[in-house]
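Biologist: I would like a close look at a single part of this model. Please keep to what can be computed from it.

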Amino acid sequence: MKRILFLLTLGLVACDNTEVDKELVIPAKYDGASYETNASLEIQMTDALASLSAEMKKGRIGTKVDASEIEKYFSVLRASSSDYFAGLIDSDWMPALIENSGGQLFDAGKQGGLYGEYLFTQYGIENEQVIEKGLYAASFYNQARKIAETEKTAAASDKIIALWGAHPDFANSNNSSLHSNPDKFIANYIARRDKNDGLGLYTNIQNGLIKLQAVNSASTDYPAERAEAIQEIFENWEKGSAATAINYIYGALGKLSSTNPDEATISSAMHSFSEVLGFILGFRTVEDKIISDAEIDEILVLLNTPEGQTPTTLNLLSNPVEELPKVLQVISKLKAIYGFSDLEMEDFKQNWVSEQNR
């Protein structure tokens, strides 16, 4: 009888241990020991975008943008980008940017060129910013999402961190004087939308990456936890992009609504407008996102850049009374699509990294 009781007890203990083994243990911190090795290819991609942006920015100072340099850097990014966005870069945006560079002055509706501190197309769009900001989603988000869904290894989260623009240190800041590994690319902008209270968009992505690393490092498969981690990472990444677009819309509207804005104010506003266009348009045709392509197309109409049609962006300057309220509608649409609260919308007006000097 005692032997039977002992065996039953042993069986119960074994069952209990099995249950404990099945519970995912999530560490408090991310293990970045192998980050640079695991994410070497993704780091090359981010370096390529940094170099591409630097070459495009030469157009701002009157230098002719080098087509061969552009191709050298974009060739690293083309395969990971959506066919839609890469196609527009190749067929339209980059050729126009190169043609407009070299020091010629902007002539509204006739000739692209320099206006204020930026290089614009004849329609008042800064292709440099549309391309750079759009690639955060069209290339980096697109590739990171594929890695998350297909690679169940400990290296996957390192690769995603690199494409997001962060580092395993998770600075939550782009301040290089305070952090040895400051945030870049979209991580930099999402950090600005995070109040650093442990509840923000940046922190949520960080937590999702810690969980994903734990899942992919475990000896047992955790499909539910893995799905939760992926959702947390990419839902907040996309929301952070939308929140940043909202921030820049507020900024552009404020400048264009000012009394008798000068050239510097107008060019800065159109620079911000072009960033908004990039942040939103980069998600078009990308799979596994919250916003639909139809909703993006509705927003493009409100921004006077309807899909497949000639932009009428300069109407923002010639007829602001009628045109600026349309841009304001974009804010309402993004609020509804992503379920942002009134408080969040107010918070998005701030750059919290600067406000908190972190």
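How many nonpolar, polar and charged residues does the lining of the largest pocket have, by class?

Modeller: This is a predicted model, in which local features need pLDDT of at least 70 and side-chain atom pairs count only at pLDDT 80 or more, while totals for chains, interfaces and linings use all residues. Residues are numbered from 1 along each chain as its sequence is written, and side-chain values use heavy atoms, with hydrogens and water left out.

The largest pocket holds about 490 Å³ of space. A pocket here is an open set of points on a 1 Å grid over the protein atoms alone, where a 1.4 Å probe fits, with protein on both sides within 12 Å along at least five of seven lines; lining residues have an atom within 4 Å of a point. The volume is the space filled by probe spheres set on the points, which are joined across faces, edges and corners. The lining has 25 residues, and D92, W93, I125, Q309 and P311 are the closest to the centre. Two or more lining residues come from each of α5 (83-100), α6 and α11 (263-281); helices are DSSP runs of H or I, at least four residues, numbered from the N terminus. The largest share, 7 residues, belongs to α5.

By class, the lining divides into 12 nonpolar, 9 polar and 4 charged residues. Ala, Val, Leu, Ile, Met, Phe, Trp, Tyr, Cys and Pro count as nonpolar, Asp, Glu, Lys and Arg as charged, and the others, Gly among them, as polar.
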